[in-house]
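Biologist: Can you walk me through this one? I'd like to start with charged pairs.

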Amino acid sequence: MLRIKPTLIITSVILTIVTAVAFSYANLKRTNDGLNARIDVLHAQIAQREAESERLARDIESVEAINDELLSERARLAAIESRYQMRTEQLIHELSAAQQAVNELRQSNHEEVKSWANTRVPAGALRLLGHAGAAGSYSNGENDHAYIFGATGEPFTAVYRTQF
């Protein structure tokens with residue numbers, strides 16, 4: 001029989017163990033290198049996402065500033081709309097009062113007043129008023145319109161030169 005020396009067996013076992021450890025170490029080193037490369041890629045992605053996050057934060061600040069401006073503009077427009085509505089209601093009220101005054105004149109018991117109120121202003125008179133406006137001779141000194149005064153002496157409408 002073969003007789004194997006114990007030192008040879010121990011040497012073989014040690015050599016096998018060293019070889020296995022060397023292969024394991026090489027495998028672990030490849031795995032470690034792969035994981036380090038993956039870590040580097042993840043670090044680059046983190047840096048990229050941080051930069052994108054900062055850009056988005058600046059964009060949000062810009063959008064919020066624009067939103068504040070738009071809200072302010074909306075408030076100004078609402079105030080203008082409110083004043084417009086109030087003025088429109090006031091003008092409707094004034095028109096109604098003027099129409100009522102004209103209707104009262106048209107239904108007057110005094111025949112001359114009734115006749116005057118129901119007579120249309122001749123086109124020639126309106127043209128003459130337009131020429132007076134072109135010459136700058138309105139009583140209010142304005143060149144583009146003249147006021148028609150009601151029975152109370154207050155102007156209740158303006159005649160514009162472009163209407164002739």
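Modeller: Start with Arg76, which forms a salt bridge with Glu73. Their closest N and O atoms are 2.3 Å apart. A salt bridge here is a side-chain nitrogen of Lys or Arg within 4 Å of a carboxyl oxygen of Asp or Glu. This is a predicted model, where local features need pLDDT of at least 70 and side-chain atom pairs count only at pLDDT 80 or more, while totals for chains, interfaces and linings use all residues. Residues are numbered from 1 along each chain as its sequence is written, and side-chain values use heavy atoms, with hydrogens and water left out.

Biologist: How are Arg76 and Glu73 placed along helix α1?

Modeller: They are 3 residues apart in helix α1, so about one helical turn separates them. Helices are DSSP runs of H or I with at least four residues, strands are runs of E with at least two, and both are numbered from the N terminus.

Biologist: Is Arg76 exposed or partly exposed?

Modeller: Arg76 is partly exposed, with a relative accessible area of 45%. Glu73 is partly exposed as well, at 33%. Buried means under 20% relative accessible area, exposed means over 50%, and partly exposed is in between (1.4 Å probe, protein chains only).

Biologist: How many salt bridges are there in the whole structure?

Modeller: A search finds 4. Among them is Lys29 with Asp33, whose closest N and O atoms are 4.0 Å apart.

Biologist: What separates Lys29 and Asp33 in the helix?

Modeller: About one helical turn, because they sit 4 residues apart in helix α1. Lys29 has a relative accessible area of 41%, so it is partly exposed. Asp33 is partly exposed too, at 40%.

Biologist: Which residue does Arg87 bridge to?

Modeller: Arg87 pairs with Glu94, and the closest N and O atoms are 3.9 Å apart. Arg87 is partly exposed at 40% relative accessibility. Glu94 is partly exposed at 34%.

Biologist: New topic. Which residues gather in a patch of negative charge?

Modeller: Glu61, Glu64, Asp68 and Glu69 do, on the surface. Patch residues have over 30% relative accessible area and no salt bridge; like charges are joined within 9 Å, and nonpolar side chains (Val, Leu, Ile, Met, Phe, Trp, Tyr) within 5 Å. Lys and Arg count as positive and Asp and Glu as negative; His and the chain ends are not counted. A charge is placed at NZ of Lys, CZ of Arg, CG of Asp or CD of Glu.

Biologist: Where does Glu61 lie?

Modeller: In helix α1, residues 6-106. Glu61 counts as exposed because its relative accessibility is 55%.

Biologist: And which residues make the nonpolar surface patch?

Modeller: Ile9, Val13, Ile17 and Val21, covering about 340 Å². Val21 lies in helix α1. Accessible areas come from the Shrake-Rupley method with a 1.4 Å probe; for residues, only the protein chains shown count as cover.

Biologist: Zooming out, how many helices and strands are there?

Modeller: There are 3 helices and 2 strands. From the N terminus, the order is α-α-α-β-β.

Biologist: What share of the residues is buried?

Modeller: Of the 164 residues, 6% count as buried. The accessible surface comes to about 14200 Å², with 60% of that belonging to carbon and sulfur atoms.
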